[in-house]
Amino acid sequence: MIEHRLIERMIAVMDRHRNDIENGTSPDNALLDAIVDFLRTYADRCHHGKEEDLLFTALKSKPMTPDMVMAMDRLIDDHARSRALVRRLGESNARSRGGDASATGDITEAIAGLVSIYPDHIRREDKEFFPAAMKYLTKEESDVMLSEFREFDRKLIHEKYVAVVEGAEKR
Ligand SMILES: [Fe+2]
Ligand SMILES: [Fe+2]
């Protein structure tokens with residue numbers, strides 16, 4: 001939930017930039033690079049990663065109600081849709097940087113899609129899914145999960161910068 005607060009702040013930045021673009025401002029390609037990196041590394045790899053790889057995986061071995069299974073499937077589907085939109089945002093930003101004016105509409109559409117997914121997704125997790133999920137876990141299981149979250153986070157900075165160096169080596 002703490003991570004949701006940071007994601008919300010970036011979503012607000014994105015929505016402001018989308019609005020500026022629609023009012024005639026040129027896409028800020030460097031800002032969009034930072035947004036795409038944030039969405040890929042923080043929102044998807046770090047945040048959705050912990051949800052899907054640790055929390056959801058643990059819940060799958062529990063006797064979840066059909067409603068709970070449906071809610072989880074919907075969250076996973078939101079993650080997949082946002083991943084596809086981030087890919088589209090990254091690709092259209094690259095086209096925009098290359099001088100393709102038609103990329104602007106794709107940028108604002110991808111942002112609008114992400115802005116429409118996240119607030120409701122986060123609300124469902126914070127208010128409905130996470131509180132319900134906690135009821136399936138014993139105190140010990142949730143403590144273990146918290147330490148797994150920390151370990152997951154600890155590895156990420158290394159994974160991220162190994163990829164940066166590998167990308168640089170290929171240039
Ligand atoms: Fe999520
Ligand atoms: Fe989340």
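At what angle do the axes of α3 and α4 cross, and within what distance do they come? The axes cross at roughly 155 degrees and come within 9 Å. The legends below describe this and other views of a predicted model, in which local features need pLDDT of at least 70, side-chain atom pairs count only at pLDDT 80 or more, and totals for chains, interfaces and linings use all residues. Residues are numbered from 1 along each chain as its sequence is written, while chains are lettered from A and ligands numbered from 1 in the order in which they are written.

**Figure 1. Overall view of the helices of the protein.** The protein has 5 helices and 0 strands, and its elements run α-α-α-α-α from the N terminus on. Helices (H or I, at least four residues) and strands (E, at least two) are DSSP runs, numbered from the N terminus. The C-alpha trace spans about 55 × 35 × 20 Å along its principal axes. Of the 171 residues, 16% are buried; a residue is buried if 20 or more other C-beta atoms lie within 10 Å of its own, exposed if 12 or fewer, and partly exposed in between, with C-beta atoms placed from the backbone. Among contacts with a separation of 6 or more, 78% are between residues 24 or more positions apart. Two residues are in contact if their C-beta atoms, placed from the backbone, lie within 7 Å.

**Figure 2. Close-up of helices α3 and α4.** The axes of α3 and α4 cross at roughly 155 degrees, which makes α3 roughly antiparallel to α4. Axes are lines fitted to C-alpha atoms, for helices over the stretch in contact, and angles run from 0 to 180 degrees between N-to-C directions. Angles under 35 degrees count as roughly parallel, over 145 as roughly antiparallel, 65 to 115 as roughly perpendicular and the rest as oblique. α3 passes α4 in a left-handed crossing; a crossing is left-handed if the near helix is turned anticlockwise from the far one by less than a right angle, and right-handed if clockwise. The residues of this contact divide into 13 nonpolar, 7 polar and 8 charged. Here Ala, Val, Leu, Ile, Met, Phe, Trp, Tyr, Cys and Pro count as nonpolar, Asp, Glu, Lys and Arg as charged, and the others, Gly among them, as polar.

**Figure 3. Close-up of helices α1 and α4.** Helix α1 (residues 2-22) packs against helix α4 (residues 103-134) at an angle of about 150 degrees, with the axes 9 Å apart. The two helices are therefore roughly antiparallel. The crossing of α1 past α4 is left-handed. Residues of α1 in the contact include H4, I7, I11, M14, D15 and R18, and those of α4 include T104, I107, I111, V115, Y118 and I122. By class, this contact has 12 nonpolar, 3 polar and 5 charged residues.

Figure 4. α1 has 21 residues and reaches 31 Å from its first C-alpha to its last, close to the 30 Å expected at 1.5 Å a residue; the expected span is 1.5 Å times one less than the number of residues. Just after α1, G24 takes a positive phi of about 105 degrees. D15 lies in α1 and is partly exposed, because 16 other C-beta atoms lie within 10 Å. The C-alpha atoms of D15 and I122 are separated by 16 Å, and these residues are 107 residues apart along the chain.

**Figure 5. Close-up of helices α2 and α3.** Helix α2 (residues 29-60) and helix α3 (residues 66-97) have axes that come within 10 Å and cross at roughly 160 degrees, so α2 is roughly antiparallel to α3. Their crossing is left-handed. Among the contributing residues are L32, V36, L39, H48 and F56 of α2, and M72, I76, H79, V86 and L89 of α3. The contact has 9 nonpolar, 6 polar and 6 charged residues. G49 is also placed in α2 and counts as partly exposed, with 18 C-beta neighbours inside 10 Å. C-alpha to C-alpha, G49 and F130 are 15 Å apart in space and 81 residues apart in sequence.

Figure 6. K155 counts as exposed because it has 9 C-beta neighbours inside 10 Å. A168 is exposed, with 8 other C-beta atoms within 10 Å. The C-alpha atoms of K155 and A80 are separated by 23 Å, and those of A168 and T41 by 17 Å.
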